[in-house]
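Dear colleague,

Please find below the structure that I am handing over to you, together with its sequence. My findings follow directly after it.

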Amino acid sequence: MGKNYVDIENDQGETLRYRKHANGRGLIAHGAKVHPSAVVEAGAYVEPGAQIAAGAHIGRGAWIEQDAVIGADVEIAPHAHIGPHAAVGAKAKIGVRTHVGDHAVVAVGSLIGDDEIIGDGAHIATDKRGLYLAA
């Protein structure tokens, strides 16, 4: 049986240890909290301080930065990027290659399409079809 962790050197020369999540084998940094029922697919990274709630699904190659909060039953598509301190509400869906900026908030149940950019500090809400609602 192989080891259940990976050591990766960051840009500052520090070595960070990531464990492989039991559901999906994605990499979870020391200090991140991921619910056991969440799925973090291989190739996805969850950085220190991030929190992922029950039933969430993080796709391949997705990157959840430090202190981001992912609500229950959220779906993050492959190669999406959730910025530091961002929050994604329960049952929201984030599309392929979509970028959610630093301190941005995606409301509960929102549908964000593929290749979209949610700016830093933005507060976004959509209906079930992905149409933006007035703030």
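This is a predicted model: local features need pLDDT of at least 70, side-chain atom pairs count only at pLDDT 80 or more; totals for chains, interfaces and linings use all residues.

H85 lies in the loop that joins β12 (81-82) to β13 (87-88). The phi angle of H85 is positive, at about 65 degrees, although the residue is not a glycine. Most residues other than glycine have a negative phi. With a relative accessibility of 34%, H85 counts as partly exposed, because that class lies between the buried limit of under 20% and the exposed limit of over 50%.

A second residue belongs with this one. D67, found in the loop between β9 (63-64) and β10 (69-70), is likewise a residue other than glycine with a positive phi, near 65 degrees. Its relative accessible area is 36%, so D67 is partly exposed.

Strand β13, at which the loop of H85 ends, contains A87. Which residues does A87 touch, once those up to four places away in sequence are set aside? They are V69, A104, V105 and V106. At 25% relative accessibility, A87 is partly exposed. Between the C-alpha atoms of A87 and D115 there is a separation of 18 Å, for 28 residues along the chain.

G55 occupies the loop between β7 (51-52) and β8 (57-58). The C-alpha atoms of G55 and P36 are 8.6 Å apart, and 19 residues separate the pair along the chain.

Two residues of the segment after β19 (123-124) also deserve mention: K128 and L131. Is K128 buried or exposed? It counts as exposed, because its relative accessibility is 78% and the exposed class begins over 50%. Apart from residues up to four places away in sequence, L131 touches A125 and T126. The C-alpha atoms of L131 and V40 are separated by 28 Å, the two residues being 91 positions apart along the chain.

I turn now to the largest pocket. It holds about 200 Å³ of space. Its lining consists of I8, E9, N10, Q12, L16, Y18, Y45, E47, P48, W63, E65 and Q66. Two elements, β1 (5-9) and β2 (15-20), each give two or more residues to this lining. By residue class, the lining of the pocket comprises six nonpolar, three polar and three charged residues.

As for the protein as a whole, it has 19 strands and zero helices. Its radius of gyration is 14 Å, close to the 14 Å that the globule rule gives for 135 residues, so the protein is as compact as a globular protein of that length. Along the principal axes, the C-alpha atoms fill a box of roughly 50 × 30 × 20 Å.

Of the 135 residues, 37% are buried. The protein exposes about 7200 Å², and carbon and sulfur atoms supply 54% of that area. What share of the contacts with a separation of 6 or more comes from residues 24 or more positions apart? The share is 1%.

Yours sincerely

Conventions
Residues are numbered from 1 along each chain as its sequence is written. Side-chain values use heavy atoms; hydrogens and water are left out. On a 1 Å grid over the protein atoms alone, a cavity is a set of points where a 1.4 Å probe fits but cannot get out, and a pocket is an open set with protein on both sides within 12 Å along at least five of seven lines; lining residues have an atom within 4 Å of a point. Grid points are joined across faces, edges and corners, and a volume is the space filled by probe spheres set on the points. Helices (H or I, at least four residues) and strands (E, at least two) are DSSP runs, numbered from the N terminus. Ala, Val, Leu, Ile, Met, Phe, Trp, Tyr, Cys and Pro count as nonpolar, Asp, Glu, Lys and Arg as charged, and the others, Gly among them, as polar. The radius of gyration is taken over C-alpha atoms; the globule rule is 2.2 Å times the number of residues to the power 0.38. Buried means under 20% relative accessible area, exposed over 50%, partly exposed in between (1.4 Å probe, protein chains only). Contact means heavy atoms within 4.5 Å. Accessible areas come from the Shrake-Rupley method with a 1.4 Å probe; for residues, only the protein chains shown count as cover.
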